[in-house]
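The following report describes the architecture of one protein model.

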Amino acid sequence: MGTEGTFNEREHQGHRETITRTAFNHALIWGSLCLLIAVGGNASADAISRLTAVKLQKTHEAVEALKKSRQDVSIKTPFEDTKAILHCHSKWSHDSRSTIEEILAGAHATGVKVIMFTEHPADHYDFVIDGHQGLRDGVLLIPGAELNGMLAYPRSSVKGMSFSTPQEQSDMIKRTGGLAFYCHLEERMDWQVVGITGTEMYNVHADAKEESRLFLGLVNPLFWLQLRPLVEKYPQEVFASLQDYPKEYLRRYDELCQLFPHTGVAGNDSHHNIGIRIVRGEKDLIILEDIIGQKVAELSIGKFPLLAAIAGKAKTGDVILAVDMDPYDRAFRHVGTHLLLDELSREGVWKALEAGRAYVGFDWITDTTGYVFQAETDQPVGVVGSKIKLAQEMSLRSFAPLEAKHRLIRNGTMVAEQTGRDVRFQVDQPG
């Protein structure tokens with residue numbers, strides 16, 4: 001996980017546009033609602049309260065039950081539902097040490113077919129030219145950067161360029177034929193960049209930052225000692241314990257779409273850099289290192305009798321305890337952006353993201369692949385992302401692989417709600 005600097009200049013204020021055609025992009029958050037119902041969860045609980053063996057076991061059992069009740073959606077579209085990861089870091093970034101081989105292994109384990117990297121820029125490399133790219137082992141790799149508050153995917157080098165405003169940066173990225181999305185939306189809720197491709201509707205790091213009690217525990221060796229058996233038994237459920245409904249992200253996404261359509265994506269913010277290694281130091285010291293080998297703290301082992309007992313006759317440099325929280329398979333499985341592609345290529349990805357043919361799915365709960373959201377009259381007239389003219393007897397139809405709660409929101413207000421696998425909403429006004 002990581003964050004990145006923002007512009008200090010006055011942000012450009014976009015002009016409100018009148019939308020005369022129905023334009024829609026759907027965030028698939030229903031899975032988390034199903035899970036809360038299934039386990040009797042409390043939406044206001046924090047990660048620490050969820051990190052008990054009893055609650056993790058209940059969550060695991062609920063997920064297994066949902067998997068058994070999953071049914072493929074029978075409705076088909078002309079497109080291939082393809083799982084993509086946006087906002088991913090590798091060893092090109094200062095806060096990751098991960099090789100492309102490790103990242104590809106995570107993709108293969110989770111069915112990911114597209115990875116759009118967002119490296120932290122640095123002087124010693126060009127993220128466009130040197131970044132991971134091309135089709136490799138069946139996975140399409142696309143280079144990009146986490147650049148001044150945006151997920152930036154230019155088609156040609158922008159190395160050495162500086163931008164005075166978010167609008168100027170977005171315009172330059174778009175002039176190269178690239179794409180740009182707001183990232184870490186919680187840090188820039190007032191940005192209004194005209195012509196930007198879209199925005200994160202959910203960000204893993206932003207979700208984690210709200211867990212104040214969890215972060216207090218991360219520097220306590222005893223916390224990791226208690227956490228290790230839970231991670232070993234319930235790895236995905238422990239990772240998902242940080243998940244909360246992204247209310248403010250979705251509120252802002254809805255506001256932005258009232259200006260002009262914004263494609264909503266998930267910000268995985270994958271680094272493989274969360275975890276701990278407790279190493280025996282010299283004399284009576286123990287050293288806490290993060291998963292990439294950076295020192296977090298240096299403590300006296302005498303203050304932690306349980307660790308002293310585990311350390312036994314460990315020598316200087318020996319690892320006493322290690323816990324790995326966010327390997328790529330776990331991070332990729334948690335949430336993904338599903339793209340409706342006409343072909344697995346960079347051009348196919350660009351067309352889907354520019355059109356808004358995308359939805360966000362929390363696939364750790366169950367595989368959301370195959371979800372369909374479309375407009376219909378007497379026949380289908382457009383899938384998610386389509387721009388269509390409002391017609392009489394028009395409905396929006398939602399097909400899910402699980403029985404789920406479907407909410408239709410227009411201009412910040414929920415106008416309809418239904419539960420089922422196949423639901424239909426009549427519409428009589430644009431939005």
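## Overall composition

Two residues are in contact when heavy atoms of theirs lie within 4.5 Å. Among contacts in the protein between residues at least 6 apart in sequence, 73% join residues at least 24 apart. The model to which this applies is predicted.

The protein has 431 residues, and 55% of them count as buried. Its secondary structure comprises 13 helices and 22 strands. The accessible surface amounts to about 18900 Å², with 51% belonging to carbon and sulfur atoms.

An open sheet is built from 4 strands in the order β14-β13-β12-β15, with antiparallel pairing. Its edges are formed by β14 (295-300) and β15 (319-324), each of which pairs on one side only. On average, and with direction ignored, neighbouring strands of this sheet are turned by 15 degrees against each other.

Within this sheet, strand β12 (residues 275-280) is joined to strand β13 (residues 285-289) in the antiparallel sense by 4 bridges. Arg280 stands opposite Ile286 in β13. Helix α8 (residues 221-233) packs on the sheet and touches β12, β13, β14 and β15. The direction of α8 makes about 60 degrees with that of β15.

## The sheet β19-β18-β21-β22

A further open sheet, also described by antiparallel pairing, has 4 strands in the order β19-β18-β21-β22. The strands that pair on one side only are β19 (380-383) and β22 (413-427), which form the edges. Neighbouring strands here are turned by 35 degrees against each other on average, direction ignored.

Strand β18 (residues 372-376) and strand β21 (residues 394-410) run antiparallel and are joined by 5 bridges. In this pairing, Phe373 stands opposite Ser398 in β21.

## The pair β16 and β17

Strand β16 (residues 336-341) pairs with β17 in the antiparallel sense, over 4 bridges. Leu339 is placed opposite Ala358 in β17.

Strand β17 (residues 358-361) directs Ala358 and Val360 one way and Tyr359 and Gly361 the other way. Which of these residues are buried? All of them are, on both sides of the strand.

## Aromatic pairs

The whole structure contains 7 aromatic pairs. One of them joins Trp92 and Tyr125, whose rings are stacked at 4.6 Å centre to centre with 20 degrees between the planes. Planes under 30 degrees apart count as stacked. Trp92 lies in the loop between β3 (80-88) and α4 (100-110), while Tyr125 lies in the loop between β4 (114-117) and β5 (134-136), so the pair ties together parts that are 33 residues apart in sequence.

Tyr125, at 3% relative accessibility, counts as buried. The cut-off for burial is under 20% relative accessible area, with values over 50% counted as exposed.

## Charges over rings

Two arginine residues are placed over tryptophan rings. Arg155 lies over the face of Trp350, at 5.1 Å from the ring centre. The charged end of Arg188 sits over the ring of Trp191, 4.9 Å from its centre.

Key. Residues are numbered from 1 along each chain as its sequence is written. This is a predicted model: local features need pLDDT of at least 70, side-chain atom pairs count only at pLDDT 80 or more; totals for chains, interfaces and linings use all residues. Side-chain values use heavy atoms; hydrogens and water are left out. Two strands pair if DSSP finds at least two bridges between them. Helices (H or I, at least four residues) and strands (E, at least two) are DSSP runs, numbered from the N terminus. Axes are lines fitted to C-alpha atoms, for helices over the stretch in contact, and angles run from 0 to 180 degrees between N-to-C directions. Rings of Phe, Tyr and Trp (its six-membered ring) pair if their centres lie within 6.5 Å; planes under 30 degrees apart count as stacked, over 60 as edge-to-face and the rest as tilted. Buried means under 20% relative accessible area, exposed over 50%, partly exposed in between (1.4 Å probe, protein chains only). A charge sits over a ring if NZ of Lys or CZ of Arg is within 6 Å of the ring centre and within 35 degrees of the ring normal. Accessible areas come from the Shrake-Rupley method with a 1.4 Å probe; for residues, only the protein chains shown count as cover.
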